[in-house]
Amino acid sequence: MSQIQSIVARRIWDSRGIPTVEVELALEDGTIGRGIAPAGASRGQHEALELRDAGEAFGGKDVQQALQGLRHEIAPALLGMDAREQAAVDQRLIELDGTPNKSRLGANAIVATSMAVLNAAANSACKPLWRYLAGDAAASLPMPQIQIFGGGAHAGRRVDVQDFMVIAIGATSFEQSLEMTAEVYRHAGLLMQRKGTLMGVADEGGWWPAFSKNEQALDTLVAAIEAAGYTPGLDVGIALDIAASEFFADGKYRLALDNRSLDSNGFAELLMRWIEQYPIVSIEDPLSESDEQGLIDFTREAGHRIQIVGDDYLVTDATRIRAAAACGACNTVLIKPNQIGTMTETRAAIDAAKAVGYKTIVSARSGETEDTMIVHLATGWDAGQLKVGSFARSERMAKWNEGIRIETSSGASLPFANGFRRMA
Ligand code: 2PG
Ligand code: MG
């Protein structure tokens, strides 16, 4: 009954108004499952590759070739397969594509298909996705990591650091963590308004960063936490995504805003000073994906105090995660399904991280849609944390709101994963 009967591929539009791929798949029992590919702006060089048409239309970002591959190759190959056999379907997709980075059929076509199959299987079992994924294993509501200011590639490089985020480390429920963040976000906007620096929002809904120094964003964040009535470092901590690969070239980190160029040690020292001065609990991509020694050294220096998250460097790849653990780089993994391309490989990355004792954060991309699957992945796979951008714009709020639905409908059966110790 859960055999795949039909597959429809269509072009829809993401939160930046850029084309993306949606796959809708029907099973023999009449259930339907959908998958939509998200898209990153700051991408790791080892990520699976999305297929874009190039040419004139939509800045070269149309997805007609990906849709053609879906209709003429992927659909015929998958018809009749059992949607419950996710690993077999994903293996078929990988073989069909035949490239190491999914560039022939496109990671956008492949991930949308893999997501649709998973959603269809859960629907066919009449279970919410998180419950279907968890089975008898542990599940938990993830701790949100929420952007207050956007920067880097998501805000015209107005500041060098890409994400200035908060984690409500004092919260005892998912819903409470959102309440706390809502107040910090609101007060950050008010503070900027008062200073005459409120310029709208960046790609993921964070306030547009009209700052003259990177530290000014950190100072404003601390002030916003206090204005919201919380104690920085006790109730609410700061999380940064430096996205350092974006401004690393020829062995130097070039901070355009501060008009400075630092080598790996110099940049790590700057980050260490920030850790001393501000209530930072997590830093993602502190150094470039190609500066492995820098990542190893920084993890040795700071890894016992804070979370050091690998995004561009690890690209949701189980093999890269195991290699990083062997050399001591990072202690936490960002998990983005479209970086690797299939649900099975995404799950393998989480398993690899847990096996080496690394924490996991399921993450959205800067180009998103109304799709809420990642909230279910974070919950059902007991990932511990979730990052989806800011506390504004419906492609972001759809995810936070889905978490509230899961929490309030599950009664007391689902714990809230707050792995952060209260910092004195
Ligand atoms: C990141 C993500 C989300 P992008 O770097 O973590 O903030 O950005 O999707 O552009 O890679
Ligand atoms: Mg990142």
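User: Is Phe416 buried or exposed?
Analyst: Phe416 counts as buried because its relative accessibility is 14%. Buried means under 20% relative accessible area, exposed means over 50%, and partly exposed lies in between, with a 1.4 Å probe and protein chains only. The model is predicted, so local features need pLDDT of at least 70 and side-chain atom pairs count only at pLDDT 80 or more, while totals for chains, interfaces and linings use all residues. Residues are numbered from 1 along each chain as its sequence is written, chains are lettered from A and ligands numbered from 1 in the order in which they are written, and side-chain values use heavy atoms, with hydrogens and water left out.

User: Where is Phe416 placed?
Analyst: Phe416 belongs to the segment after α13 (394-409). Helices (H or I, at least four residues) and strands (E, at least two) are DSSP runs numbered from the N terminus.

User: And what is Phe416 in contact with, leaving aside neighbours within four places in sequence?
Analyst: Its contacts include Leu141, Pro142, Met143, Pro144, Ser173 and Glu407, where contact means heavy atoms within 4.5 Å. Phe416 and Ser173 are 243 residues apart in sequence, yet their C-alpha atoms are 5.5 Å apart in space.

User: Changing topic: how many residues of β16 are buried?
Analyst: In strand β16 (residues 384-390), 7 of the 7 residues are buried, so the strand is largely enclosed by the rest of the structure.

User: Which strands are joined to β16?
Analyst: Strand β4 (residues 143-150) runs parallel to β16 and is joined to it by 5 bridges; for example, Ile146 has Gly389 as its bridge partner. Strand β15 (residues 359-363) is also parallel to β16, with 4 bridges, and there Ile361 is partnered by Gln385. Two strands pair if DSSP finds at least two bridges between them.

User: What holds paired strands together in general?
Analyst: Strands of a sheet pair through backbone hydrogen bonds, either parallel or antiparallel.

User: Which strands form the open sheet of 3 strands, and in what order?
Analyst: The order is β9-β10-β11, and the pairing is antiparallel. β9 (248-249) and β11 (260-262) stand at the edges with a single partner strand each, so one side of each has no neighbour in the sheet. Strand β10 (residues 252-255) is joined to β11 by 3 bridges, and Leu255 has Arg260 as its bridge partner in β11.

User: How many aromatic pairs are found in the whole structure?
Analyst: The search finds 9. One of them joins Phe247 and Tyr253 edge-to-face, at 6.3 Å centre to centre and 75° between the planes. Rings of Phe, Tyr and Trp (its six-membered ring) pair if their centres lie within 6.5 Å; planes under 30 degrees apart count as stacked, over 60 as edge-to-face and the rest as tilted.

User: And why is the pair of Phe247 and Phe267 called edge-to-face?
Analyst: Their ring centres are 5.7 Å apart and their planes are at 80°, so the pair is edge-to-face. The pair links distant parts of the chain, with Phe247 in the loop between β8 (237-241) and β9, and Phe267 in helix α7, 20 residues apart.

User: Which residues form the aromatic cluster with Phe247?
Analyst: Phe248, Tyr253 and Phe267 form one aromatic cluster with Phe247.
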